[in-house]
Amino acid sequence: MKTILTTLFSVSILATMAIAGPGCSGYKEVTLAEQKSHAHEVLVVEIDGMELFQLTNQEGKIFFKGCQEIVERYHELEDAVRRQQKPSGRSVRVAAIYSVGLHHLSQYVDQFRTLVPGAGVDLEYMHPDEICERVLNDQSDLGLMSFISPGRDLTAIPWQRQLMVIACSPGHSLARRITTQGALRPEDLQGERFVAFDRELPARRAIDRFLRKHNVRPNVVMELDHIATIKHAVEVDIGVSILPKLSVQYEQSWGTLTATPFNNDTFARPVGIIYRKGRSFSLATQKLIEILSNGTPEPIPESNEATSAAAAS
């Protein structure tokens, strides 16, 4: 109890200073005392020597939470004023899934640095679960993910719909069909050795739904949670896979992978921007969101599958 009271005391002092400030004529000193009342410890809050209220343990928790919110809001307002005076000079922390790709994001980052001199983007790639955790814990300002399920503590802004393609090694039999046919059907994957995303990932569930829709059952020989290892497995002909087109552009240019979209049903993944609900953004972060939202990604026609995948993920 002593530790809790000490914390409450510190927070209440900060809250009072936030509201009035020691240099203001209305500043009042807050004092805190402990008293014993019957068998319960009671928190007594006094302002200018006048008892304001008494708090039992449960009420103390409510008071403590309220003080935290007041102090946090004060710092947000203070930071907002400072940012208005100097919007640049800080970095926006962005956590992104590996498959978004540095090359794809670089055009947005370059535009951001031009429009917001002195500001930067700290970009880190990680697992989707890590992205949510970092955004919720304010370790990252924004997250970039596919097949988002926001939840009550996260807000999502739709960003792009990115085309998904069949990827295989240049020596695979499907690569020869691509050369002659120009595209493939989902049914062409029936029974093929397939390198899949880990079954816990939203992308895997979306791909499985797409294949079930076409009554296709490939032979899953490997499940991986990192797109780089999936691409490597496909390059050495362990199997074929379904991957975002943007993520295989380098490999296609080098000739280590062959990729093609489906010719009879567009399959795309929705990618969005996430942030913690109630978060106060710097002007730099607001500008980055604006740049991302106003970008010109490759146009992809709408399809029922893409819509249902986004809703079910």
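**Close-up views of a predicted model**

Figure 1. The buried residues of helix 9 (residues 283–293) are Ala-284, Thr-285, Leu-288, Ile-289, Ile-291 and Leu-292. Buried means under 20% relative accessible area, exposed over 50%, and partly exposed in between (1.4 Å probe, protein chains only). Helices (H or I, at least four residues) and strands (E, at least two) are DSSP runs, numbered from the N terminus. An α-helix has 3.6 residues a turn, so residues three or four places apart point the same way. This is a predicted model: local features need pLDDT of at least 70, side-chain atom pairs count only at pLDDT 80 or more, and totals for chains, interfaces and linings use all residues. Residues are numbered from 1 along each chain as its sequence is written, and side-chain values use heavy atoms, with hydrogens and water left out.

**Figure 2. Strand 12 pairs with strand 6 and with strand 7.** Eight of the nine residues of strand 12 (residues 268–276) are buried, so the rest of the structure largely encloses it. Strand 6 (residues 142–146) pairs with strand 12 in the antiparallel sense, over four bridges. Here Met-145 has Gly-272 as its bridge partner. Strand 7 (residues 154–168) also runs antiparallel to strand 12, and nine bridges join them. Here Gln-162 has Arg-269 as its bridge partner. Two strands pair if DSSP finds at least two bridges between them.

**Figure 3. Ile-238 lies in a loop.** The loop runs between helix 7 (227–235) and strand 10 (241–244). Ile-238 is partly exposed, at 25% relative accessibility. Leaving aside neighbours within four places in sequence, Ile-238 is in contact with Arg-193, Val-195, Val-221, Met-222 and Ala-233. Contact means heavy atoms within 4.5 Å. Cys-168 is 70 residues from Ile-238 in sequence, yet their C-alpha atoms are 9.3 Å apart.

**Figure 4. Two cysteines, Cys-132 and Cys-168.** Cys-132 is partly exposed, with a relative accessible area of 22%. Cys-168 is buried, at 0% relative accessibility. How many disulfides are there? The count is zero, where a disulfide is a pair of cysteine sulfur atoms within 2.5 Å.

**Figure 5. Aromatic rings form five pairs across the whole structure.** Tyr-250 and Trp-254 are stacked, 5.5 Å centre to centre with 15° between the planes. Both lie in helix 8 (residues 249–254), four residues apart, about one turn of the helix. Tyr-250 is partly exposed at 45% relative accessible area, while Trp-254 is exposed at 60%. The rings of Tyr-275 and Phe-281 are edge-to-face, because their centres are 5.0 Å apart and their planes at 70°. Tyr-275 is buried at 18%, and Phe-281 is buried at 15%. Ring pairs also link Phe-210, Phe-262 and Phe-267 into a cluster. Rings of Phe, Tyr and Trp (its six-membered ring) pair if their centres lie within 6.5 Å; planes under 30 degrees apart count as stacked, over 60 as edge-to-face and the rest as tilted.

Figure 6. pLDDT is the predictor's confidence in each residue, from 0 to 100. The protein has a mean pLDDT of 75, and 65% of its residues reach 70 or more. Where pLDDT is low, the predicted coordinates should not be read in detail.
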